[in-house]
Amino acid sequence: MQAKIVFSLAIASLALAGCATIRRTPFTEAQQAMATIPGIPAARFWADAPDAARQMSPAFMGTLGERSMLALSGGTDNGAYGAGVLNGWTLTGNRPEFSIVTGVSTGALIAPFAFLGSDQDATLKRLGTTMSAKDVYRGRFPLAIPASPSAASTKPLQKLIASVVTDPLIDRIGREHARGRRLFVGTANLDAQRMVIWNMGAIAVSTAPNRYELFRQVLLASSSIPALFPPVMIKAEAGGRVISEMHVDGGTTAQILILPDENITGDRPPTGARPLHIYVIVNNKLNSEFHLVTPKTIPIASQSFSLNLRSSLSGTVNLSYLYAKAHGIDFNISFIDKDYPGEARKLFDTAYMRGLYEHGLLVAQSAGFWKKRPPDEDK
């Protein structure tokens, strides 16, 4: 449902789009390939890099010598489900201290709080139950859209991120990184057409003067739906020259970051002799939803866009499950049930989000709420 809402808004903006006001000095593919973040060489890497798995490997082990990974998917306002699940999980007393937490899109906004632990549950509840559209974006004046990079401004979201992702909170993430724990967020680099994995702990623990600003920029970028929201321009350095990279919603390339491509497609087993537990929270439905399509351009395109996103998400989840099963990794997944009502609504409808948060809260406290495999299409 949320994919259809986003697509309709994006189509409307593209229909009005003209030249953008973002001014950039051109740079080459070779310059992009060598670009780094000044003062933070370990800030990011390509998701499809040959050594991505090594760069994501944590040094931290839990109290029982085990590693636990939490992966949080995209899903716009459906992120309220993930917030509810995490808080309900806390109430069971079984929520582990994660070795790795990853987040994409709305999952990126949840990830720092999930990473730090249950003392951040109040913030998760606030994000899942009190947010509304006015806290996320502000529509542009229609006549201004042709000269703008998007249909809406994300200044409200920037303000919200700054209010909850404070400098002291980022410092805490840096200290956890020093313990060996890892926090990763995915964005899409539009110029390179590749997913970038940001090592948020490496940013937080650095002494770079812009580390706080960059940390919040990455969260905003991972949540910036192309065309609806403006891209986030992140400065990098290539051969002594500053370039301005264009980053958008990580869900543009992948709706969730579970295991690097190298792991899933390669033959090597996961590194580390200790047991690995993977917990996947999908802020969406994994089953298809029947919807009789009106034979007109926008409804057809909208349904096709929704199908593409769901298929991509399901494919990633299924491949990760098969890899985990083949290598003795404990795989656990939670997702929004196909029968949960998702009636037509405005994006970031507070009442809908509050209901979905409560649903996740209750589901997480029920017996056997973690599923051991993705759902079958007909169940």
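1. T76 lies in the loop that joins strand β2 (67-72) to helix α4. Helices (H or I, at least four residues) and strands (E, at least two) are DSSP runs, numbered from the N terminus. The phi angle of T76 is near 45 degrees, a positive value in a residue other than glycine. T76 is buried, with a relative accessible area of 12%; buried means under 20% relative accessible area, exposed over 50%, and partly exposed in between (1.4 Å probe, protein chains only).

2. The model is predicted, so local features need pLDDT of at least 70 and side-chain atom pairs count only at pLDDT 80 or more, while totals for chains, interfaces and linings use all residues. Residues are numbered from 1 along each chain as its sequence is written, and side-chain values use heavy atoms, with hydrogens and water left out.

3. Q193 also has a positive phi, near 55 degrees, in a residue other than glycine. Q193 sits in the loop between β6 (182-189) and β7 (194-199). Q193 is exposed, at 68% relative accessible area, whereas T76 is buried.

4. Helix α4 (residues 79-92) packs with helix α6 (residues 121-129) at an angle of about 150 degrees, and their axes are 9 Å apart. Axes are lines fitted to C-alpha atoms, for helices over the stretch in contact, and angles run from 0 to 180 degrees between N-to-C directions. The angle therefore makes α4 roughly antiparallel to α6; angles under 35 degrees count as roughly parallel, over 145 as roughly antiparallel, 65 to 115 as roughly perpendicular and the rest as oblique.

5. Which residues of α4 and α6 make the contact? From α4 come A80, A83, L86, N87 and T90, and from α6 come D121, L124, K125 and G128. Contact means heavy atoms within 4.5 Å.

6. G82 belongs to helix α4 and is buried, with a relative accessible area of 0%. Beyond its neighbours within four places in sequence, G82 is in contact with I281 and N283. From C-alpha to C-alpha, G82 is 10.0 Å from H359 in space, although 277 residues separate them in sequence.

7. S224 occupies the loop between α10 (211-222) and β8 (232-238). Is S224 buried or exposed? S224 is buried, with a relative accessible area of 0%. The side chain of S224 reaches the backbone oxygen of L220 at 2.7 Å. Not counting residues up to four places away in sequence, S224 touches F229, P230, V232, V248 and D249.

Conventions. A polar contact is a pair of N or O atoms within 3.5 Å; within protein, one must be able to donate a hydrogen and the other to accept it, and residues adjacent in sequence count only if both atoms are side-chain atoms.
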